[in-house]
Amino acid sequence: MAEERRQKQCSVVLPSESMKAMAESMGVGQLQEDSCVALSEEVSYRIKEIAQDALKFMHHGKRRKLTTSDIDYALKLKNVEPLYGFQSQDFIPFRFASGGGRELHFYEEKEVDLSDIISTPLPRVPLDVSLKAHWLSIDGVQPSIPENPPPATKEQQKAESTEPLKAVKPGQEEDGSIQGKGQSGTSAEVKGKEKLRMKPRSTHELSVEQQLYYKEITEACVGSCEAKRAEALQSIATDPGLYQMLPRFSTFISEGVRVNVVQNNLALLIYLMRMMKALMDNPTLYLEKYLHELLPAVVTCIVSKQLCLRPDVDNHWALRDFAARLMAQSCKTFSTTTNNIQSRITKTFTKSWLDDKTQWTTRYGCIAGLSELGPDVIKTLIIPRLTVEGVRIKAVMEGPVVSNIDKIGADHVQSLLLHCASVIAKIRPAPDVVDQYRTDYGYLGQMLCSHVVKARTQAALQAQTVNRTTLTITQPRPSLSVSQSGGVGSSGGSRTPSIIKVPSSLTLMSTRPATPTQPSPPATKYIVMATSAGAASTQQVITLSSSQSSSPVTSTVTSVSTPLQPLVKLESGGGAVAGSRPMQKYIVVSLPSSSSSSLEHKGGATATSPIAIETTVKSERSESPATHTHSPH
Amino acid sequence: MAAVQDGGSELEGEKEPKPELMNDGSTAPAAAPSSRPEDQQTLLAVLQFLKRNKLIESVDALRREAGLADEPEEAPGSEAAGGAGGAAAGSGELGDAGALLSRVSGGSQSAAAPAPAKGGDDQPDVSVVLSAYSQQGDPSLYQVYYSGLKKFIESVLDCHRAELSQLFYPLFVHMYLELVYNNHESEAKSFFEKFNGDQECYYQDDLRVLSGLTKKEHMKGNETLLDFRTSRFVLRISRDSYQLLKRHLQERQNNQIWNIIQEHLYIDIFDGMPRSKSQIDSMSGSLAGEAKREDNKTKVYYGLLKEPEIEVPLDDEDEEAENEEGKPKKKKPKKDSMGSKSKKQDPNAPQQNRIPLPELKDSDKLDKIMYMKEATKRIRLGPESLPSICFYTFLNAYQGLTAVDFTDDSSLLAGGFADSTVRVWSVTPKKLRKVKSAADLGMIDKESDDVLERIMDEKTASECKILYGHSGPVYGVSFSPDRNYLLSSSEDGTIRLWSLQTFTCLVAYKGHNYPVWDTQFSPYGYYFVSGGHDRVARLWATDHYQPLRMFAGHLADITCTRFHPNSNYVATGSADRTIRLWDVLNGHCVRVLTGHKGPIHSLAFSPNGKYLASGSTDGRVLLWDIGHGLMIGELKGHTDTIYALRFSRDGEILASGSMDNTVRLWDAIRAFDDVETDDFTAATGHVHLPDNSQELLLGTYLSKSTPVIHLHFTRRNLLLSAGAYNSQ
């Protein structure tokens with residue numbers, strides 16, 4: 001490769017056309033071809049010479065980036081008047097354009113209105129140079145302070161925890177080169193065993209400072225002074241050097257929860273959860289190795305029967321909500337195909353929710369935990385149970401003798417369930433009829449209906465403010481219809497990106513939309529795959545065809561969950577579109593719910609659905625290699 | 001014209017056009033093309049000028065000076081690659097300067113290259129320089145010649161192949177230039193494209209320059225080209241290999257290549273085993289080949305000067321103070337041990353008065369005492385006890401920090417910036433204060449004990465002072481040892497001396513007409529050295545506005561300058577990828593060290609004066625034994641330019657700082673011990689370097705995004721490093 005580059009270097013000469021263009025701009029017309037060639041060679045040589053000199057200035061300026069001033073100084077060196085007016089501290093944003101087989105880099109010069117400049121307030125005065133000292137190393141060991149890079153990067157920690165065997169080797173190389181003396185003692189020890197592919201035994205010795213820090217932090221976290229606690233949490237969330245102390249913190253939290261749940265100490269539980277949150281927020285820590293301790297603690301805080309001494313007065317619901325959010329966050333971050341956290345958690349919640357004897361507190365926790373896991377989980381697990389739950393709530397609310405605690409619990413569950421309205425708003429077609437809701441959802445129907453209406457108006461408002469054409473595809477049971485809000489598609493602004501909202505958290509953004517106004521772009525298919533609650537998986541094919549008349553057509557194909565069923569190429573309702581176009585693009589969207597929902601229905605579905613998705617993507621790619629799930633076109 | 005002594009100081013003003021001549025390559029009459037023409041030209045021009053102005057004495061002085069400096073050289077074919085030799089040749093012919101002058105003005109040629117100067121009459125010097133290329137063979141045969149030689153070298157025995165392969169690069173360059181000079185543009189291009197891939201990767205920078213050069217017109221005024229032409233590329237080849245080559249070329253009647261070898265190359269033949277590829281590679285890489293062996297034969301007095309005897313009356317006080325602090329430990333008096341050490345005269349040390357050094361003032365003595373006291377508290381470093389590193393980060397510098405220096409006692413920090421300012425910080429709680437104005441000073445009671453305190457203006461106390469004066473980026477800063485002065489060198493071609501009492505500029509030393517990349521004070525103060533784009537290092541004294549010595553010989557920019565701890569020598573690193581050591585006394589170049597593969601950006605002498613470390617853009621640190629002129633170590637690990645190198649106060653640890661945001665610590669003692677320098681290697685200079693960088697590396701400390709551009713060991717062996725945070 002160096003070879004190629006060098007050859008190129010030797011032959012790069014400015015094209016003679018540019019000489020001609022420059023001559024014309026100077027008022028010299030009809031420059032002869034020979035003169036152009038001679039000029040371009042000469043100019044190329046001089047430019048190279050100047051660039052080489054400018055590099056010298058860059059090196060002596062101790063920079064990696066060549067600046068315009070370097071070129072000015074190089075010109076000065078050659079006794080040439082520098083170019084005035086090209087000062088730029090930052091890089092110059094060259095733009096690239098190509099067309100007609102030619103490529104061009106140019107510097108976009110915008111016309112600026114003088115009055116604009118005058119009227120804009122002056123920019124902030126840049127800060128003056130200042131000096132800051134920190135310890136890069138203390139007796140040969142690099143201290144873990146924010147000023148220093150973290151001793152073990154997050155990627156390293158991740159690699160170590162997810163692929164312990166693979167991580168051994170690169171980890172040690174890192175030890176030698178980056179971590180320096182402090183760890184090199186242990187790494188040298190391990191180096192001998194490297195051939196055995198043994199996981200390095202990590203020692204968890206903390207220095208005196210670290211022990212002090214740990215003591216201070218934990219005390220502040222569970223202590224009574226709120227200011228101190230905020231400071232401690234801030235430190236946990238930002239400090240880059242906590243990697244070594246992570247096991248201690250993890251044990252602290254898990255033990256703390258265990259003890260305080262028994263004692264119904266709500267305050268401490270909240271503090272511990274906040275600590276856990278801070279740990280998760282720390283960008284340099286990767287908690288996966290300690291989830292076995294942390295997650296049970298979090299789950300406890302979500303579903304425990306009693307978390308406080310006075311369940312009727314104390315707001316333990318907030319803790320449950322907070323912990324549920326934490327759980328959802330950790331599911332999102334750490335769930336992999338090997339540990340299956342999300343599905344395991346979902347299963348746990350569902351199981352205890354389905355149990356009739358479950359108390360209202362636990363019930364609340366389960367629902368909260370599930371609802372935080374995303375709209376898909378809500379759609380597949382919570383919405384179908386709204387009716388049943390409605391009956392139960394009704395029994396408590398309107399029934400004769402109930403304890404106050406039950407009533408509060410039922411009340412909270414009810415308000416929690418009403419949060420599903422936003423999801424319902426997305427999956428139900430527009431006209432919201434109270435009676436329809438009542439038949440569908442029973443006791444909660446009426447309230448749900450009003451909430452859905454509210455959610456809809458809010459969404460419409462948002463869509464207006466975002467000012468983007470939005471396709472909202474809603475999905476009733478038997479057939480699919482496409483509802484458009486905000487005058488979609490047919491509007492003239494063909495350059496505006498469009499969002500296609502699929503009944504999940506997924507949004508597809510495309511910079512160049514496949515709106516009908518485009519003359520004749522190849523039709524784009526969005527294949528939305530989701531395994532519904534039943535054993536059959538559904539694929540929706542949304543074809544956004546080019547012609548003005550045909551609105552996006554969505555067809556649903558229900559495939560039976562036979563393992564490894566190959567996906568047949570799906571023709572859209574438009575029929576002629578797909579076959580005739582030279583480039584048929586498929587965008588395959590797999591809904592994340594498939595894995596979680598399929599959990600309940602063990603057997604073939606669990607295994608097949610992800611694989612089926614995989615194969616689809618592959619087969620489609622082979623047809624049109626340019627297609628990527630996220631590529632605009 | 002290696003250097004001019006004090007007596008001839010009025011001449012130096014006339015010499016200043018010299019660098020211009022080198023770079024512009026214009027206007028002056030040409031001299032003999034076989035030697036460094038500009039040296040002679042300048043001398044001749046000066047002589048002419050003096051004669052015209054009837055300054056007979058000066059003429060005589062100059063002649064004597066130049067004539068005495070070197071012996072005349074008989075064969076023009078053997079003159080040096082570098083400055084000392086070139087200067088010798090120049091001065092050797094000075095004997096009949098008038099005759100030479102007439103020859104030159106006639107535009108004729110010298111014996112070495114008897115070709116007439118063709119074309120470009122307005123720039124006779126370059127054309128004469130280039131005229132050697134005018135003799136030519138059939139341009140289409142060049143490729144055949146070259147590939148024939150290539151085939152031959154590939155077919156010889158392995159032991160010779162490595163040595164003969166050295167020929168490829170210089171031959172390639174000269175054949176290409178010959179083609180270009182004779183207007184065979186397309187042949188030149190195809191020749192270049194065909195063979196440039198064969199060259200060693202470390203020549204790539206030069207090849208890039210060459211590749212741009214495709215026309216005869218370009219050759220005028222191209223510095224790199226002048227370097228190739230005016231200096232002979234030095235190769236070191238064993239006698240056996242050389243015989244082999246000679247026989248081959250004679251058999252084939254390959255005169256073209258033979259001519260180039262005769263004219264443009266200097267083959268340093270040695271008896272003994274041919275060198276291995278790695279041995280050759282470690283030494284090659286410079287712009288003009290390796291150093292010739294005789295270049296490094298001069299004796300260098302690398303020992304340290306005897307420390308002056310200072311009565312240490314304060315020592316008792318110090319101990320009393322310690323007693324007061326509650327440490328009644330009676331230490332044995334260290335004064336004796338220190339004293340006895342310095343009393344011993346180092347056999348390698350220069351005479352105490354070899355160069356005149358400034359008298360010690362009372363304040364200097366106090367400082368020395370402080371130094372000794374601090375030294376007793378110094379931490380012994382080693383692989384087991386690494387130093388702590390304190391990092392001074394410049395925030396909001398917006399890529400503008402270009403140079404940093406600490407005072408020896410680590411109390412002040414100076415930064416040079418691209419916006420032409422120099423800023424001085426106090427890194428101790430003691431703030432920086434100016435001296436009061438003259439009017440206010442008059443009112444002070446001069447008899448009072450605290451007069452030194454009273455003269456300071458309390459109102460001006462601040463942590464940072466900004467010095468304005470330069471008109472271009474400041475590339476070098478250096479504190480004087482007594483902390484009263486600060487030097488700064490800049491793109492504007494000046495070196496400025498600032499007072500740290502008044503925070504004003506005292507002198508602007510003008511002499512370099514081009515950017516001055518580096519400057520440094522002598523460890524004894526008074527003298528300082530500077531080097532820059534004009535390829536000439538200059539030695540100055542603070543009280544002379546013109547340089548005392550000019551060290552000419554480098555073939556490209558001088559990128560860094562360092563004083564030897566005994567102040568008798570100056571080391572300069574250059575973009576021609578060589579390091580030269582210059583004798584301050586007579587201006588001779590006493591060492592030429594080759595082996596770097598990129599411009600050298602940092603140099604450091606070991607505290608005992610015996611070793612030199614150098615770091616370059618290729619990310620390697622090389623260690624040199626000054627006494628033998630040998631490379632004795634190579635420290636690999638950095639991935640970018642090394643801008644800072646420093647030995648710990650006792651020389652056990654070498655710290656290096658680089659653009660790759662790391663500070664690395666190396667076991668210097670082991671690096672020097674591992675090399676066995678027996679008599680043979682010392683005589684031939686064929687060192688076999690152990691590849692033990694990983695074992696010598698004691699620690700790597702990564703900063704977040706801050707390139708390290710300066711390192712400094714405090715007197716107690718705490719390592720200070722400095723750099724500007726780079727937010728991108």
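Some housekeeping first. Residues are numbered from 1 along each chain as its sequence is written, and chains are lettered from A and ligands numbered from 1 in the order in which they are written. Since the model is predicted, local features need pLDDT of at least 70 and side-chain atom pairs count only at pLDDT 80 or more, while totals for chains, interfaces and linings use all residues; side-chain values use heavy atoms, with hydrogens and water left out.

Let's start where the two chains meet. The size of an interface is often given as the accessible area lost when the parts come together. Here the area buried between chain B and chain A is about 5,600 Å², and carbon and sulfur atoms give 52% of that. Buried area, by the way, is the accessible area (1.4 Å probe) that two parts lose on being put together, summed over both. On the chain B side, Tyr701(B), Leu702(B) and Lys704(B) lose the most area to chain A, together 10% of what that side buries.

In a salt bridge of 3.2 Å, N to O, the side chain of Glu491(B) meets that of Lys76(A).

Two strands pair if DSSP finds at least two bridges between them. One of the partners to look for is Thr393(B) in β3(B), the bridge partner of Lys132(A).

Next, chain A by itself. Its secondary structure comes to 25 helices and 11 strands. Of the 633 residues in chain A, 41% are buried, which here means under 20% relative accessible area, with exposed over 50% and partly exposed in between (1.4 Å probe, protein chains only).

On to salt bridges within the chains. Over all chains, a search of the whole structure finds 41 salt bridges. In chain A, Lys78(A) forms a salt bridge with Asp53(A), with the closest N and O atoms 3.2 Å apart. Lys78(A) sits in the loop between α4 (68–77) and β1 (94–99) of chain A, and Asp53(A) in helix α3 (residues 33–60) of chain A, 25 residues apart. Is Asp53(A) buried or exposed? Asp53(A) is buried, at 7% relative accessible area, whereas Lys78(A) is partly exposed at 28%.

In chain B, the side chains of Arg433(B) and Glu453(B) meet in a salt bridge of 2.7 Å, N to O. Arg433(B) is in strand β7 (residues 432–435) and Glu453(B) in helix α22 (residues 451–454) of chain B, so the pair ties together parts that are 20 residues apart in sequence. Another pair is Arg620(B) and Glu634(B), with the closest N and O atoms 2.3 Å apart, and both residues are buried.

Let's finish with strand β12 (residues 494–499) of chain B, where six of its six residues are buried. In a regular strand the side chains alternate between the two faces of the sheet. Here Thr494(B), Arg496(B) and Trp498(B) point one way from β12(B), and Ile495(B), Leu497(B) and Ser499(B) the other way.

What does β12(B) pair with? Strand β11 (residues 485–490) of chain B joins β12(B) antiparallel through five bridges, with Ser488(B) opposite Arg496(B). These two strands form a hairpin with three residues between them, and Gly493(B) in the turn has a positive phi of about 90 degrees. Six bridges join β12(B) to strand β13 (residues 504–510) of chain B, again antiparallel, and Val507(B) in β13(B) is the bridge partner of Leu497(B).

Conventions:
A salt bridge is a side-chain nitrogen of Lys or Arg within 4 Å of a carboxyl oxygen of Asp or Glu. Helices (H or I, at least four residues) and strands (E, at least two) are DSSP runs, numbered from the N terminus.
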